[in-house]
Amino acid sequence: MLRALLKKLSEATVSVLPVTAIVLLLSATPLFNLTLTEGVVFVCSAVFLIFGMALFNLGADIAMTPMGEQIGSGLSKTGKFKTLLLICFIMGLFITIAEPDLSVLAEQVSFIDSTVLKVTIGVGVGLFLVLGVLKIVFRVSLSKMLTFFYMLLFALVSLVIIIGGGEDFLPLAFDSGGVTTGPITVPFIMALGLGVSTILGDKRDRENSFGFIALCSIGPILAVMILGVFSSGKPESGPLEYPMQAQFSAIAKSFLSTAGEVAIAIGPIVLFFFILQAIFLRSSKKKLKQIIVGIFYTFFGLVIFLTSVHIGFMPIGYKMGVSLALAKPVVTVVAAFIIGFTVVLAEPAIHVLNKQVEEVTGGAVSKRSMLIALSIGVGVSIGLSVIRVIFDFSILFYLIPGYFISLGLSFFVPKLYTAIAFDSGGVASGPLTSTFILPFLVGICTVLQPNKILLDAFGLVAMVAMTPLITIQSLGFKAVVTKRVKEKIAMKRILDADDEQIINFM
């Protein structure tokens, strides 16, 4: 166990160092100045972030992932299909309600009750988690399902714009699809899908192991848009503040508050697992002990991770955005791209996804190529978001062509790449997106568009979730083209060799 923890610490250090270095390098320039207190708090937060990330990743490996796999495969083996669907819906609902990322977003939305918003989004996730199981059972193509539901989604967007009354909810709706796939839900839902596909799916079709996150990202968008149509409230929000917490009492308070949120988040998962364990699963005592230890690793790792982010990364992200907004637009956009490129490396769920992708594909899609593609995608998305704040235009100018390109690529690349791409979109928009990048963009918006923070700053999570769809599928498109070129070259060599044999014979 110690060796595994040291390995996770090494991986976490490599992940967190780039964004820490960028912040410190920028602080040495006239663009962004840190006080001594802010610098010390940020560096200490980075150290604890590494430790928390390592504990979380270790806990996900030995607890969250096995729990999801056992629930998915165990319930599938019972043959009680209706029970499987009902439990999937309930799990999707309660895990989403308890997701810390969703809580962070809901706290920044004052025009609608946070409980109503969470329940609405939870219902959307639960329903689409059920659709994910049905996809596996009835062998429905993920590309066709995604195309249908995104067409339905944009048809609803058009209707909302035409009849009015809900268009101001659009940035929030698309952001909701990203924050629901956070550090707790991703390992569990992906493992649940893997467990179900192992028993009920076609074992020859590796696509079945992915796609759950992709589908679960659509449900919240549709649910919030429908809520917006029937809501009488006008989306408004005052200035958002991210104070630096340097005093011990404030840090302790933040730690305890975060611990309570994480306990509520993990609690339903653990409770459901042990209820199902007593009724259906009946795993060995050795396996249960391992899972219990992993749950504690997950809990403390996530508490340390999120506390570090709230104490050091949110305030610094906001201050950096305010400072860079005063620079030339080109400098601001380039800085945003570099920050986005490196921040995705520190997302815990990214490493869970990359590992599962490499295992399921047998190394055909490596962790390194996945990480590069995701980093480029997230960097581009944040750069484009800054451009949108500068020129103040609707997020639909990005999302509509972006999703049409993504869906178009899905018909030309291997199905596995499409499934991985749409899962990656949900996973990339993790804790640091809502607690570091969003405050960064809010800071820029506070300077450039102070009266449109909700409309121009929100929508960032949706952008981060969209661009990996294009970059990952581009890997698949490149693989297809490369394969065809190699086949043509090989065929040409065979034909040339045959011609030479004929000439020599004559």
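**Contacts, cores and helices**

User: Which residues is phenylalanine 440 in contact with, leaving aside neighbours within four places in sequence?
Analyst: Phenylalanine 440 is in contact (heavy atoms within 4.5 Å) with Gly317, Tyr318, Met320, Gly321, Leu324, Ala336, Ile339, Ile382 and Val386. This is a predicted model, in which local features need pLDDT of at least 70 and side-chain atom pairs pLDDT 80 or more, while totals for chains, interfaces and linings use all residues. Residues are numbered from 1 along each chain as its sequence is written, and side-chain values use heavy atoms, without hydrogens or water.

User: Which residues touch the most other members of the largest nonpolar core?
Analyst: They are Ile71, Phe313, Met320, Ile339, Phe436 and Phe440, in a core of 104 residues. A nonpolar core joins buried Ala, Val, Leu, Ile, Met, Phe, Trp, Tyr and Cys residues through side-chain atoms within 4.5 Å; buried means under 20% relative accessible area with a 1.4 Å probe, protein chains only.

User: And which helix gives the most to this core?
Analyst: Helix H11 (residues 285-325) does, with 16 residues. Helices are DSSP runs (H or I) of at least four residues, numbered from the N terminus. Apart from this core lies another, of 47 residues, including Val109 and Met463.

User: Changing topic, is helix H4 largely enclosed or open?
Analyst: Helix H4 (residues 100-107) is largely enclosed by the rest of the structure, because seven of its eight residues are buried. Among them are Pro100, Asp101 and Leu102.

User: What about isoleucine 213, buried or exposed?
Analyst: Isoleucine 213 has 0% relative accessibility, so it counts as buried. This residue is found in helix H9 (residues 212-230). Its C-alpha atom is separated by 9.1 Å from that of glycine 193, 20 residues apart along the chain.

Terms used
Buried < 20%, exposed > 50% of the residue type's maximum accessible area, 1.4 Å probe, protein only. Helix = DSSP H or I, 4+ residues; strand = E, 2+ residues; numbered from the N terminus.
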